[in-house]
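Biologist: I would like to go through this structure with you. Could we take the side chains and the overall fold in turn?

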Amino acid sequence: MVNFKVIEISNMDIQSLKIDLIHWLTELEDISVLEKLHSFKNQREGSLSKAHKDLLDGRISSYQENPDSLIDWDDMVKELDKRL
């Protein structure tokens, strides 16, 4: 298992860290490490921002407080079609 250690780095050092990692990756032969890094990359790209999480949490709370206030999707489409 790959353990990721959180490090503090200044903005000036970010580019040198990226270059170091690129160099390391180009020479890496361990397929299991590459697969784990790829999986980590995909998880990061697929994760929601805090703003989106907050929005979804708000909508879930709203639904839980008043589940009968929802509008059926088909009814919504019909209503929009009438207006257009």
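Biologist: Is Leu25 buried, exposed or partly exposed?

Modeller: Leu25 counts as partly exposed because its relative accessibility is 38%. The classes are buried for under 20% relative accessible area, exposed for over 50%, and partly exposed in between, using a 1.4 Å probe and protein chains only. Leu25 is placed in helix α1.

Biologist: Before we continue, what kind of model is this, and how are values counted?

Modeller: This is a predicted model, in which local features need pLDDT of at least 70 and side-chain atom pairs count only at pLDDT 80 or more, while totals for chains, interfaces and linings use all residues. Residues are numbered from 1 along each chain as its sequence is written, and side-chain values use heavy atoms, with hydrogens and water left out.

Biologist: What average pLDDT does the protein have?

Modeller: The average is 85, and 87% of the residues score at least 70; pLDDT is the predictor's confidence in each residue, from 0 to 100. Confidence is lowest in helix α1 (residues 11-27), with a mean of 87, and highest in helix α4 (residues 73-83), at 91. Where pLDDT is low, the predicted coordinates should not be read in detail.

Biologist: How many helices and strands are there?

Modeller: The protein has 4 helices and 0 strands, giving the pattern α-α-α-α along the sequence. These elements are DSSP runs numbered from the N terminus: helices are H or I with at least four residues, strands E with at least two.

Biologist: And what share of the residues is buried?

Modeller: Of the 84 residues, 2% count as buried. The accessible surface of the protein is about 8200 Å², with 57% belonging to carbon and sulfur atoms; the areas come from the Shrake-Rupley method with a 1.4 Å probe, and for residues only the protein chains shown count as cover.

Biologist: Which residues form the nonpolar patch on the surface?

Modeller: The patch consists of Leu21, Trp24, Leu25, Ile31 and Leu34, which together have about 440 Å² of accessible area. The elements giving two or more residues to this patch are α1 and α2 (31-46). Helix α1 gives the most, with 3 residues. Patch residues have over 30% relative accessible area and no salt bridge; nonpolar side chains (Val, Leu, Ile, Met, Phe, Trp, Tyr) are joined within 5 Å, and like charges within 9 Å.

Biologist: Turning to charges, how many salt bridges does the structure hold?

Modeller: It holds 2 salt bridges, each defined as a side-chain nitrogen of Lys or Arg within 4 Å of a carboxyl oxygen of Asp or Glu. Lys50 pairs with Asp54, with the closest N and O atoms 2.9 Å apart. Both residues lie in helix α3 (residues 50-65), 4 residues apart, about one turn of the helix.

Biologist: Why does Lys50 count as exposed?

Modeller: Lys50 is classed that way because its relative accessibility is 61%. Asp54, at 39%, counts as partly exposed.

Biologist: What about Arg83, with which residue does it form a salt bridge?

Modeller: The partner of Arg83 is Glu79, and the closest N and O atoms are 3.3 Å apart. Both lie in helix α4, 4 residues apart, about one turn of the helix. Arg83 is exposed, with a relative accessible area of 63%, whereas Glu79 is partly exposed at 34%.
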